[in-house]
Amino acid sequence: HDVVDLIRAKRDGAALPADAVAWLIDAYTHGRVADEQMSAYLMAVVWRGMASDELDHWTSAMIASGERLDLSGLTRPTVDKHSTGGVGDKVSLVLAPLVAACGAAVPQLSGRGLGHTGGTLDKMEAIPGWRADLDPDTMRAVLADVGAVICAAGPGLAPADRRLYALRDVTGTVESIPLIASSIMSKKIAEGTSALVLDVKVGTGAFMTSLADARELARTMVGLGTRAGVRTEALLTAMDTPLGRTAGNGPEVTEAVETLRGAGPPDLVEVTVALARVMLDIVGLSGGSGARPDPAEVLASGAAYDVWRAMVAAQGGDPDAPLPSAAFTRTVPAPADGYLSRLDARALGIAAWRLGAGRARKEDPVSAAAGLRWHATVGEQVQAGAPLIELYSDDEATFPRALAALADAVSVTDEPPAPTPLVLDHIR
Ligand code: URA
């Protein structure tokens, strides 16, 4: 194959056959296709899209660029969850131990955050001593012993995606449904899970701000997973308002632990339990027959908290250690008396990021203590001048820009806003 011919073909709207796609991914991964050539190809995909077969070939080639983990030796069925990323989205921290406590094995290979949505590994790393990097044998051992493992995807897993994602990040080619779907699904299929539930976020704080785009992304990923032999379903969930009451790494761990101990905020509990039910359903462990407890009951019982403690300890973390606390705080008061009708997820995500919870470049460090805690969420009453949002930072110089991000983040109305659903759709 000649790469320039392939770029021209994609530019003109052709769907590439399997052998051409496999050659292109392999040649790029091994440095025989240059970054500028792949950039041109990716931009053509942004404009022209990919046919369904072509996307299957592309994803298979990304998986074939590395190793595929074998989790078939476990006695429990494996099921993972992936979120497309939201603000205050600490669901994974609660969900993995919860689903394990209900009898499944959850192999959660996760990533770090970039931009205004946080990454699960950054959150877990707020726990003193906790290590994200496990070799495949250790990962399998923790999964077998504890029932859940949250760790970094090793360098051997879909290495083509690492190079492609870094390139897309600097060439304006992240925003493409086939490229996003293949990037996410290549990693999840290579991880070896037998089943997968996708939490596709919709709203101001999410990758996908429209329901139609989110639905198309969800359908594309469900199709890819299913055709690759991984039972895959998706929930579309609302992300106009951040989940729970905290954003930032340490603050979100604290809230996840509160939730695992039975005192979580209702929205976080609702999304977590909805995802847990789908995960248990697709591996045949759902309640209903009366033989198996419902995840809501398991969460309230403290059984998931026991799994959390074992999971943290298995990776060197001390579940009882105090989390780092911030040197500096600021408070944003409620602007008026009334009902909170808007708490903008994107604005809060950007504020937490500017306080030090997130990174601008992938090599930047993140702060464990930085972030936000808000005292009310949408639908609740507030009083003019009473503290509404608490800001935490290790560096006082971060406050002006974080406060600027929050300048138009909140609306207060005289009447309570109409309640809106959190789970918007179920794609299977
Ligand atoms: N997350 C990924 O892993 N890849 C994308 O392309 C977008 C989000």
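I took helix axes as lines fitted to C-alpha atoms over the stretch in contact, with angles from 0 to 180 degrees between N-to-C directions. Helices are DSSP runs of H or I with at least four residues, strands are runs of E with at least two, and both are numbered from the N terminus. The model is predicted: local features need pLDDT of at least 70, side-chain atom pairs count only at pLDDT 80 or more, and totals for chains, interfaces and linings use all residues. Residues are numbered from 1 along each chain as its sequence is written.

Helix pair. I found α5 (residues 91–101) packed against α12 (residues 266–282) at about 40 degrees, the axes being 10 Å apart. The pair is therefore oblique (under 35 degrees is roughly parallel, over 145 roughly antiparallel, 65 to 115 roughly perpendicular, the rest oblique). From α5, Val 91, Val 94, Leu 95, Leu 98 and Val 99 meet residues of α12, including Leu 268 and Thr 272 (contact: C-beta atoms, placed from the backbone, within 7 Å).

Ligand shell. I listed Tyr 165, Val 174, Leu 179, Ile 180, Ser 183 and Ile 184 around the ligand (C-beta atom, placed from the backbone, within 6 Å of the molecule). Helix α9 (residues 177–190) gives the most, four residues. Five of the shell residues are nonpolar, one is polar and none is charged.

Key
Ala, Val, Leu, Ile, Met, Phe, Trp, Tyr, Cys and Pro count as nonpolar, Asp, Glu, Lys and Arg as charged, and the others, Gly among them, as polar. Two residues are in contact if their C-beta atoms, placed from the backbone, lie within 7 Å.
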